[in-house]
Amino acid sequence: MTSMDTQTRFRTGAVDMTHGGGGRAMTELIKDLFHRHLKNPILDQGHDAAVFDAPPGRLVMSTDAHVISPLFFPGGDIGALSVHGTLNDIAMAGAKPLSLTASFILEEGFPLADLERIVMSMARTAREAGVPVVSGDTKVVEKGKGDGVFITTAGVGVLPEGVTISPAAAKPGQAVLLSGTIGDHGVAILSKRENLEFETELRSDSAALHGLVADMIAAVPGIAVLRDPTRGGLATALNEIAHASGAGVLLQEEAIPVAPDVEGACELLGLDPLYVANEGKLVCICEAADAGRLLEVMRSHPLGRQAARIGEIVEDPDHMVIMQTAFGGARVVDWLSGEQLPRIC
Amino acid sequence: MKYIREFRDGNLAQKLAKAIRQEADPDRRYHLMEFCGGHTHAIFRYGVQDLVPENVEYVHGPGCPVCVLPVRRLDDAVELALTQNVILTTYGDMMRVPGTKQKSLIRAKAEGADIRMVYSTQDALKIARENPDRQVVFFAIGFETTTPPTAVAILQARAEGLRNFSVFCNHVLTPPAIAHIVNAPSEPGEDPVRIDGFLGPSHVSSVIGWASYEPAARDFRKPVVIAGFEPLDVMQSTLMLIRQINEGRHVVENQYTRVVTKEGNRKAQALAAEVLELRKVFEWRGLGYVPDSALRIREAFAEFDAEKRFALSPKESREVKSCECPAILRGVKKPTECKLFGTVCTPDNPMGACMVSSEGACAAYWTYGRKREAVLAAKGAAA
């Protein structure tokens, strides 16, 4: 049971070096904050390592480190994001996620109330996804050596039989589908950055995609490629696919859905939405004959309502991504170099 | 936000393309220099070149503020940041430009210099207010568009008594650059640059007014059309230029009427004039020493002049050998004619400024233009 003392400390206190020191303060933090919110039978075993039965079939494993500023943003926070990140990496292999681990690097002085808010958000997100956090770890670094909280999650999933999804599997003639609008997450984050704040109704699209993926695989088990276009945006995801498969990609700019707020913000800041991060979207490459059926399935799922066919895989020994512009010309959609920066002139 | 797609409408583009085809004389070539990096960017990002006839050629101009800054001034900024314990604030585009021996601000930062990217002079002032015990220098670069904000920052700093704020002033002016390009003798072994007309500066003209280019148009008998940065602006301006060339006229015309007036922004001009004055001569990358082409801080504001506040050592600044940035900035060479382009020099490992800045011609060629034809040909989809 949580004592009144601990609850008061969580409301007003801050992380200090003793929370990582291995003593009573650390044990209390783990028990009263992490375990209390993330509670599940495997975590409750109290081992350093989670013990559970392995399901039949091939296993999928992934890990994802999360650093973000600000920690809380419209449509999410680092807690929910760290769950979505790993769930989506597992889902992009076509697998059903089973369990997660989480490790936290906390900066001395970080408010415990904010930490609790983050852990509660993680717990809620994991519960909604039906995937428990079964093991974890906490370290504390001195003030100035971190940025509040860094969270690394890892996860295990199981692959349905007959599914072989891989970025190398893209072949000329196949269709490129996208599950919805691009750039929402990146622009929502930018809108809250210090020195750059601007008014927008826009929210991050941060979401767990394994439900959508399960529906898609049930309809078309032979999907060739799935990818979530996170950091670096759609352009980066497609360049990675082109590079891995040795084919080219031909995009139709007009077909790519972009929310008006994202378009406006990108215009003002001199950014290209193709390179802005997403946290709840996927790119799917499939046989052209399956595209119609898959789009139907995607559009009937809440996370794929604006799904669209945005292009095709083509022969190209240089494996480039080319886009036919709405304006009537064509351009290369290249890898991003460095960061996108606003123009001066 | 409204009025974005309206300026990128594919149907209107096709109509303009048809008008340009009808106007352009197939028996001659049109060499049109787009002055600004913003124009270069629009041409490549939207594929404007695909929509104009083959004999209409865009020659990329020097209007990329990062590109024209000479290495010596960048080396000075690196020295300020590394040895004077200042907080150097800079526009982000400047961070990756290589200085002498490839030393960029981003490398200096990795070595421990306190360099912070800002979006405006107001951010730099804020940093100065928040760090009263540190010297904060704003690395001011850019054409007449960015000049008024620099002047305002200095006036604000004086009004607030911000003694720890100063400006390393590198502002340059567009009309002398245009005159220099048309007038300059070609380098030994170089063909003289052939320009039939200019797509004139866009945002710059909103500050200084289109009349500023009348002497250049008159004296050098070259038409100038002030052109907006949207792809439809570029196409309409192209049509207007071709008409002037065909009719043998050479005046300044204003396509960008929704923003630019004849006189420009008088208030902004007055602010800049209050704080800044002409330099007798200033070095440009590519153009060399151009008289009356840059601004410095007036004596009355000397306390905010980083060049006076800090002792900068003389240096042997050097660009990367065989980098063709200078010739590219003059419009004499195309990026693809540089030996380093795409081999040694890419946006991930830039040898010259033109490959760094999003407004640089090499970056635009590399990012949007590379190997495009091959894929389109394979697809049979070329416009």
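Predicted model: local features only at pLDDT ≥ 70, side-chain atom pairs only at ≥ 80, totals over all residues.

Reader: What makes B:Q102 exposed?

Author: Again the limit is 12 or fewer. B:Q102 is exposed because 11 other C-beta atoms lie within 10 Å. The residue belongs to the loop between β3 and α5 (105-110) of chain B. B:Q102 is not a glycine, yet its phi is positive, at about 65 degrees.

Reader: How do you know that the length of helix α5 (residues 112-129) of chain A agrees with its number of residues?

Author: At 1.5 Å a residue, the 18 residues of α5(A) should span 26 Å, and the end C-alpha atoms are 25 Å apart, so the two values agree. Among the buried residues of α5(A) are A:L115, A:I118, A:V119, A:M122 and A:A126. In general, an α-helix has 3.6 residues a turn, so residues three or four places apart point the same way. Just after α5(A), A:G130 takes a positive phi of about 75 degrees.

Reader: Which residues show that both faces of strand β12 (residues 321-324) of chain A are covered?

Author: A:V321 and A:M323 lie on one side, A:I322 and A:Q324 on the other, and all of them are buried. A buried residue needs 20 or more other C-beta atoms within 10 Å.

Reader: What makes the pairings of β12(A) parallel or antiparallel?

Author: The count needed for a pairing is at least two bridges. Strand β9 (residues 248-252) of chain A and β12(A) have four bridges, in the parallel sense, and A:V249 stands opposite A:V321. Three bridges join β12(A) to strand β13 (residues 330-332) of chain A, and these two run antiparallel. Here A:Q324 stands opposite A:A330. The hairpin of β12(A) and β13(A) has five residues between the strands, and A:G328 has a positive phi near 115 degrees.

Reader: What makes the peptide bond between A:S69 and A:P70 cis?

Author: The bond is given as cis, with omega about 0 degrees. A:P70 sits in the loop between β1 (59-66) and β2 (72-73) of chain A.

Reader: Which residues touch the most other members of the largest nonpolar core?

Author: They are A:C284, B:A81 and B:C354, in a core of 228 residues. Beyond its neighbours within four places in sequence, A:C284 is in contact with A:L177, A:M216, A:I223, A:V225, A:L226 and A:L294. For a contact, C-beta atoms must lie within 7 Å.

Reader: How is chain B divided into domains, and what forms the side of domain 1 that touches domain 2?

Author: The domain assignment gives domain 1 (1-322) and domain 2 (325-378) of chain B. Their centres, taken over C-alpha atoms, are 19 Å apart. Domain 1 of chain B gives 31 residues to the contact and domain 2 of chain B gives 23. On the domain 1 side, the elements that give two or more residues are α2 (37-45), β2 (56-63) and α3 (65-68) of chain B. The most come from α2(B), with six residues. This side comprises 15 nonpolar, nine polar and seven charged residues.

How values were computed:
Residues numbered from 1 in each chain as written. Chains lettered and ligands numbered in written order. Core = buried A, V, L, I, M, F, W, Y, C linked by C-beta atoms within 7 Å. Contact = placed C-beta atoms within 7 Å. Domains from an automatic or database assignment. Nonpolar A, V, L, I, M, F, W, Y, C, P; charged D, E, K, R; others polar. Expected span 1.5 Å × (residues − 1).
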